[in-house]
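I opened a new notebook page for this one. Here is what I looked up, entry by entry.

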Amino acid sequence: MRTQPYPTTSSQPATTSQPAIPARPAPALHLLHGLWIASCPSCGFQLATARSQQRCERRSARRLCPACHQDGS
Ligand SMILES: [Zn+2]
């Protein structure tokens, strides 16, 4: 029987074992009146809004800023 240590996701951030990071920068998140808003870090275009930070991150991660990607990726 093999004993594997459980990955701890609480305190220490994994710095070396992360999967491929997308080239585009992460959207900027703002908490405004209890609503999370993800906006483009370059131009500030609002990409997504959500009640929770995680949802906002997921929604905005799937979106490309239409202002910064007009010419098609
Ligand atoms: Zn943009």
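What share of the contacts in the protein with a separation of 6 or more comes from residues 24 or more positions apart? I found that such residues account for 18% of those contacts. Two residues are in contact here if their C-beta atoms, placed from the backbone, lie within 7 Å.

**Entry: ground rules.** I noted that this is a predicted model, where local features need a pLDDT of at least 70, side-chain atom pairs count only at pLDDT 80 or more, and totals for chains, interfaces and linings use all residues. Residues are numbered from 1 along each chain as its sequence is written.

**Entry: confidence.** I looked up pLDDT, the predictor's confidence in each residue, from 0 to 100. The protein averages 83, and 73% of the residues score at least 70. Among the elements, S2 has the highest mean pLDDT (97) and H1 the lowest (95).

**Entry: parts list.** I counted 1 helix and 3 strands. Along the sequence, the pattern reads β-β-β-α.

**Entry: the sheet.** I traced an open sheet of 3 strands in the order S1-S2-S3, with antiparallel pairing. S1 (28-32) and S3 (46-50) are at the edges with a single partner strand each, so one side of each has no neighbour in the sheet. Neighbouring strands are turned by 25° against each other on average, direction ignored. For angles, axes are lines fitted to C-alpha atoms, for helices over the stretch in contact, and the values run from 0 to 180 degrees between N-to-C directions. As a reminder to myself, strands of a sheet pair through backbone hydrogen bonds, either parallel or antiparallel.

**Entry: S1 with S2.** I checked the pairing rule: DSSP must find at least two bridges between two strands. S1 and S2 (residues 35-39) pair in the antiparallel sense over 5 bridges. Walking along them, I saw His-30 opposite Ile-37, Leu-31 opposite Trp-36, and Leu-32 with Leu-35 as its bridge partner.

Entry: The hairpin of S1 and S2 has 2 residues between the strands. His-33 lies in this loop and has a positive phi of about 55° although it is not a glycine. Is His-33 buried or exposed? I found it exposed, with 5 other C-beta atoms within 10 Å. The scale, with C-beta atoms placed from the backbone, calls a residue buried if 20 or more other C-beta atoms lie within 10 Å of its own, exposed if 12 or fewer, and partly exposed in between.

**Entry: S2 with S3.** I found 4 bridges joining S2 to S3, which run antiparallel. Trp-36 stands opposite Ala-50, and Ile-37 has Thr-49 as its bridge partner. Their hairpin has 6 residues between the strands, and Gly-44 there takes a positive phi near 85°.

**Entry: the core.** Buried residues make up 10% of the 73 residues. The largest nonpolar core has 5 residues: Trp-36, Ala-38, Cys-40, Leu-47 and Cys-56. Such a core is a set of buried Ala, Val, Leu, Ile, Met, Phe, Trp, Tyr and Cys residues joined through C-beta atoms within 7 Å. Leaving out residues up to four places away in sequence, Leu-47 touches several others, including Pro-27, Ala-38, Cys-40, Ser-60 and Cys-65.

**Entry: after the helix.** I ended at Cys-68, in the segment after H1. Cys-68 is partly exposed, with 14 C-beta neighbours inside 10 Å. Not counting residues up to four places away in sequence, Cys-68 touches Cys-40, Ser-42 and Cys-43.
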